[in-house]
Amino acid sequence: MTTWNDMAPFVAMFAADCPTFTIAEQAQLATVEFFTDSRVWRTTERLQLGATVAGQASYTVSNPADIELVGLPAAWLGDDEIGEALARDAIELATETPGTPKKVLVTSGTTVRLFPVPVLSGVPIWGIAAYAPTQAAVGIEEARWLQYRETIRELTLAKLKQMQGKPWSDPAAAMRHQALYNQRALGNSTDAGPRRRARLRTKPLRF
């Protein structure tokens, strides 16, 4: 486990006079933001998120300790792949007549919602889960930190140097670090695979 404080020395050399606790706070924020936006922390196999209950749209998902669900790059209802809904579409989708769900939306770190509301019970809900640390987490696995530490460092530095009135503040440098972060994060995300995958099969479910 690499804690937020453990990350500080890797950043401190680029943020003179910045206290360790401040670096650690911003490293945590940067880590959560990076994994949330990039979706690089994902399961290699699909997980069962639950099973449908007729008339029930939302389902609680069990996560490993100190991490939460931030997306579903791929999802299935039974054996058929379904799409991932976007938050901006939720109001419109919620008006659909109950039937066979075609989309799923992550509504919180522990909750998903099906659209439309299912009319059948017992159909397994599967997904490739993308994770990020919770706000209560004390750090991340060392291997994950070593893999993405340069990217996380750039975003941490961007956040630190955006702080006004501090000895380490530097708006121009903040912009440079943000640009480097954007470049690295895009590369990391591309390497991990699509953020969400279009449905591969469109045949109707049979029960």
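A salt bridge here is a side-chain nitrogen of Lys or Arg within 4 Å of a carboxyl oxygen of Asp or Glu, and a search of the whole structure turns up four of them. This is a predicted model, where local features need pLDDT of at least 70, side-chain atom pairs count only at pLDDT 80 or more, and totals for chains, interfaces and linings use all residues. Residues are numbered from 1 along each chain as its sequence is written, and side-chain values use heavy atoms, with hydrogens and water left out.

**View A. The salt bridge between Glu 84 and Arg 39.** The N to O distance for this pair is 2.8 Å. Glu 84 sits in strand E5 (residues 80-84) and Arg 39 in the loop between H2 and strand E2 (47-51), so the bridge ties together parts that are 45 residues apart in sequence. Helices (H or I, at least four residues) and strands (E, at least two) are DSSP runs, numbered from the N terminus. Both partners are buried. Buried means under 20% relative accessible area, exposed over 50%, and partly exposed in between (1.4 Å probe, protein chains only).

View B. Glu 141 is partly exposed at 43%, whereas Arg 144, at 18%, counts as buried.

**View C. The largest nonpolar core, with 38 residues.** A nonpolar core is a set of buried Ala, Val, Leu, Ile, Met, Phe, Trp, Tyr and Cys residues joined through side-chain atoms within 4.5 Å. Phe 34, Phe 35, Leu 69, Val 112, Ile 140 and Ile 152 have the most contacts inside this one. Strand E4 gives the largest share, six residues.

**View D. The surroundings of Thr 110.** Thr 110 is in the loop between strand E6 (103-108) and strand E7 (111-115), and its 38% relative accessibility makes it partly exposed. Skipping residues up to four places away in sequence, Thr 110 touches Tyr 59, Thr 60, Val 61 and Asn 63, where contact means heavy atoms within 4.5 Å. Leu 69 is 41 residues from Thr 110 in sequence, but their C-alpha atoms are 6.2 Å apart.
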